[in-house]
Amino acid sequence: MTSAEPAKGSTRGKAKGKTHENAATGVGPLLRGWRERRRVSQLELALRADSSARHISFVETGRSRPSEEFLLRLADHLDVPVRDRNSLLLAAGYAPRFRETPLDDPTMGTLREGLEQLLAGYEPYPALVVDASYDVIAANRGIMMMLDGIPEHVFTEPMNAMRLTLHPEGLAPRIRNLREWRGHLLHQMERQIALQRSDALRAVYEEVAAYPLADPGEDAFEAGAEVPYFALPLRFEHDGHVLSFVSSISTFNTPMDVTVAELAIETLLPADPATSKYLHAHVS
């Protein structure tokens, strides 16, 4: 489990030590940055938030200080991550609204139990829970079967799903369509980095992108498969059998905690009957 310092003090009201000018100057560039990152004009944002382009302009240039509720409304329409909504509030002179509770905190017991039940209930199919940097929070026996035989030194703490997948001594040599799957994962991370401001995620990306491309051998998928896949499959070899999976990622709806907002549950759905049969016979 990961842990982080929870937000301290009151979760509402003004933070101490902030002047009106400094708060407005601080939040304006941040808000403009998120608007430009989402490629939304001031007019479009104003229409979404039931405001005016003039008011949005005044907020971004520091001529007007937004209320706490208005700032959160703008953040919602710009799909700003929960962690960064706290940053916007702080820059505007308000206290953080969203807590960051460690997963091992007693108040998160129901969440931990629910995640464990979800992962166990998905067996024999592989499933895991990761955080915003793809560090593994929990995994079921389907995942552990896939990781069987990986050298211990690859399991660097914190255990990271991208590192385990793309490391030349990790799962990479076992992935039959590695070039396509690697490209998919790197592109996925590039999109996230472009939409978020995460130094931790960028560090993971730079590490795994630098790994040499392992050669898993010829893949029948490249020559044309009989199964009409509806999404790019992960074709994975285990004990001489090629298994095919389709990945699905789920997140929590309307999270009120930074930790919960950054959790993602990835499940690997069998993409053909043979894979399903194999998992039922080998995962125990």
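**Legends to the close-up views**

**View 1. The whole chain and its surface.** The chain exposes about 14,800 Å², and carbon and sulfur atoms supply 51% of this area. The model shown is predicted. Of the 284 residues in the chain, 46% are buried. The chain contains 13 helices and 5 strands.

**View 2. The open sheet of 5 strands.** The strands are arranged in the order β2-β1-β5-β4-β3, and their pairing is antiparallel. The edges are formed by β2 (136-139) and β3 (234-238); each has a single partner strand, so one side of each is left without a neighbour in the sheet. On average, neighbouring strands of this sheet are turned by 30° against each other, with direction ignored. In general, the strands of a sheet pair through backbone hydrogen bonds, in either a parallel or an antiparallel manner.

**View 3. The pairing of β1 with β5.** Strand β1 comprises residues 127-130, and strand β5 comprises residues 264-270. The two strands pair in the antiparallel sense over 4 bridges. Which residue of β5 stands opposite Val 129? The residue in that position is Ile 265.

**View 4. A helix across the sheet strands.** Helix α13, formed by residues 273-282, lies across β3, β4 and β5. Strand β4 spans residues 241-250, and helix α13 runs at about 95° to this strand.

Technical notes: Residues numbered from 1 in each chain as written. Predicted model: local features only at pLDDT ≥ 70, side-chain atom pairs only at ≥ 80, totals over all residues. Heavy atoms only, no water. Pairing = 2+ DSSP bridges. Axes fitted to C-alpha atoms, helices over the stretch in contact; angles between N-to-C directions. Contact = heavy atoms within 4.5 Å. Buried < 20%, exposed > 50% of the residue type's maximum accessible area, 1.4 Å probe, protein only. Areas by Shrake-Rupley, 256 points an atom, 1.4 Å probe, with all protein chains shown as cover.
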